Amino acid sequence: MSEGRHNVLKEVPHIWVPMPDGRRLAARLWLPSGDAPAPAILEYLPYRKRDGTAERDASTHPVFAAEGYACIRVDLAGSGESDGVFDDEYSEQELADGEAVIAWIAAQPWCDGRIGMIGISWGGFNGLQLAYRRPPALKAVVTLCSTVDRHADDIHYMGGCLLTDNFNWGAQMTAYMSRPPDPALRGDWRRVWAERIETLPFLAADWLRRPVRDAYWRHGSVCEDWSAIQASVLAIGGWADAYVNAPLALAANLRSPRAALIGPWEHKYPHLSRILASDAHGEILGWFDRHLKTREGAPVPPARVFVQEHFATIGGPGAAYAPAAGRWVAEMAWPSPNVAERALHLSRGALGPEPGSGETAIATPLTVGRAAAYFCPGMRVDHELAGDQAEDDAASARFDTEPLAEPLEILGRPVLDIAFRVDRPVAQLVARLCDVTPGGVSQRVSYHALNLCQHAGHDRAEALEPGRLYTARLPLNTCAHRFAAGHRLRLALSTSYWPVIWPSPEAATVTLDLAECRLLLPERRVAEEPEPMAPGPARARPPSDLETVRRATGSSRRYVETDGTEVLETIDDFGASRAIAHGLETGSSVTQRYAIRPGDPLSARHEADWLFAFRRASPDGSVWTARIESHAAMTADARAFRLHRRIRAEASDGPSIEREWTETVARGYL
């Protein structure tokens, strides 16, 4: 592999990919040197190859092209300059179009008929989903920060509880999909822009209407049939990311060649991580070389993970980005014979080897969650990471071990089994596993939530009968952590977790029957560590052709209004840049507000204000500008959620558009 070589024969900034029904999807193409057909790498997104992902694309595709791959970045229907209208994430239209794109690529003279897909988040999702549909030319997938179960492990619900990011993501997609095509590429941009805004789906409301795991969520969830995926799969994740469960699930269940790689990274390609910039290029190219070019190489362990340690070892907690503490390990089989279940039982305030007795009532303040930080780190400019959990712990029900006599290492998903009663028909429980130093600094290792109305399964919900004894299983998120000798393990339980999770309509008390409650830990013990095959540091990448016009900045602040409402306000100015090649200048920012009044779950409110601005100066002295402002707000009463959004869009030589929508969605058992 030619370290640092970034020569490509040809870069085509804009081409059309024809669809069977006559629509065209916009694409960007990088071709390697030489005349021979090459295997192709596809990335397929709604995030606009012209501006939205241009800088990131420049850090990946030219590198892959220099190593002998034809690389193509395609925009979904209704995004960027592509024809059509956008209908939903991972829709049948998206996946059918994806199959058509793959067939078209395979038929091009520059492609040898073998195709791989890469993608992070959206592109990680649809890479797996397209592999599930088995288009013949798709031989390998590298999926990053993705999921195998759209209901259980996406940005909408967690354990059947409503994530505030369901609304947040809907507001972000409203802003994203209301941007105009580039007038330099589409003469009909005015018509297309107006049509896009007019037909925008109200995604946050549409997703909110589907609180249980029905056919809508099963569509695109590859865990429905693991055997359907025949392409080889490298699954990459990050412990700071929201999407941590998919890599080891894929490693455990796929029958095709597969491997999991999990580092301390946030929701970014590892070479762009602000925690530990790592050689994503080498990992991706090594996988594609083996499975697209059929080159021999050293066997790849099915699981390579970064085992984290307490952040006190690197200077203490904080929401700003900092290096991670820990080490890389490899497992030569997954599930691993080195991991065995260890049970800890809950008793009054304690975790220990013997079953407890009696009951513990849990009724926590709505403000538990102040130390939760952002649900999906990597999406903001900064101030995203969970810090010291001590304040949240103090307001929660706590169950601590004795100080550990020797280190304890876990790898996998902890599981909490509970027997419980409630005093309200709707209630939730949030579990956090923490590593606590002798000095009391608490680090969140894993967490998860459960809508107790879905205690019997996420495909159905029912009102709870106060006083009745129920049982439930609450799997926490996958983790890899080493608890040092002298530290304590803490299980912290709460009945709320704002602003990550929307609160239940009434403050509820959850009473545990301790004799039937236990925490199952995936304890890892290994006599001799194999070579970890850790990723190296991030390699040099091609310079971007974007020049900075305004630097990115981010901030967060908390304040209390006169009526006692607590507000978290986050402001992210993502900056502005200008493409040297075509002159388009793009800038964006978002302000979010999470508000709640202690003791009043019906006071919860979430607002998001997005701004996109475009500018291009022409040689004749004329200047084209466009500006899109969007506002979204969500509130709830005891029976329904109310969602509102507004778009104001204007251009210097185009339409001025203003639209408003309001949706009311029955609350049901949320």
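Which residues lie nearest the centre of the second largest cavity? Of the 13 residues that line this cavity, those nearest its centre are Cys161, Leu162, Gln428, Trp502 and Leu670. Here a cavity is a set of points, on a 1 Å grid over the protein atoms alone, where a 1.4 Å probe fits but cannot get out, and lining residues have an atom within 4 Å of a point. The structure is a predicted model, in which local features need pLDDT of at least 70 and side-chain atom pairs count only at pLDDT 80 or more, while totals for chains, interfaces and linings use all residues. Residues are numbered from 1 along each chain as its sequence is written, and side-chain values use heavy atoms, with hydrogens and water left out.

The volume of the second largest cavity is about 70 Å³, a volume being the space filled by probe spheres set on the grid points, which are joined across faces, edges and corners. Its lining consists of eight nonpolar, four polar and one charged residue; Ala, Val, Leu, Ile, Met, Phe, Trp, Tyr, Cys and Pro count as nonpolar, Asp, Glu, Lys and Arg as charged, and the others, Gly among them, as polar. In total, the structure holds four cavities of 30 Å³ or more. The largest cavity contains about 80 Å³ of space and is lined by 14 residues, with Gly170, Ala171, Thr174, Ala632 and Arg645 nearest its centre. Two or more lining residues are given by each of helix 5, strand 31 (623–636) and strand 32 (640–651). Helices (H or I, at least four residues) and strands (E, at least two) are DSSP runs, numbered from the N terminus. Seven nonpolar, five polar and two charged residues make up the lining of the largest cavity.

The largest nonpolar core has 115 residues, and Ile72 and Ile105 have the most contacts inside it. Such a core is a set of buried Ala, Val, Leu, Ile, Met, Phe, Trp, Tyr and Cys residues joined through side-chain atoms within 4.5 Å; buried means under 20% relative accessible area (1.4 Å probe, protein chains only), exposed over 50%, and partly exposed in between. Helix 5 (residues 164–177) supplies the largest share of this core, seven residues. A second, separate core of 40 residues includes Leu248, Ile262, Ile284 and Leu285. In soluble globular proteins, nonpolar side chains tend to be buried together. Beyond its neighbours within four places in sequence, isoleucine 105 is in contact with Ala40, Leu42, Ile72, Trp110, Cys111 and Ile115, where contact means heavy atoms within 4.5 Å.

In helix 9 (residues 246–253), the buried residues are Ala246, Pro247, Leu248, Leu250 and Ala251. Among the elements that cover them are helix 4 (122–133), strand 6 and strand 9 (232–238). Six of the seven residues of strand 6 (residues 138–144) are buried. Strand 6 runs parallel to strand 5 (residues 111–120), to which six bridges join it; two strands pair if DSSP finds at least two bridges between them. Alanine 140 in strand 6 stands opposite glycine 116.

Strand 18 (residues 415–422) is largely enclosed by the rest of the structure, because seven of its eight residues are buried. Strand 18 pairs in the antiparallel sense with strand 21 (residues 470–475) over six bridges, and arginine 473 in strand 21 is the bridge partner of aspartate 417. Three bridges connect strand 18 to strand 25 (residues 518–524), again antiparallel.

Key: On a 1 Å grid over the protein atoms alone, a cavity is a set of points where a 1.4 Å probe fits but cannot get out, and a pocket is an open set with protein on both sides within 12 Å along at least five of seven lines; lining residues have an atom within 4 Å of a point.
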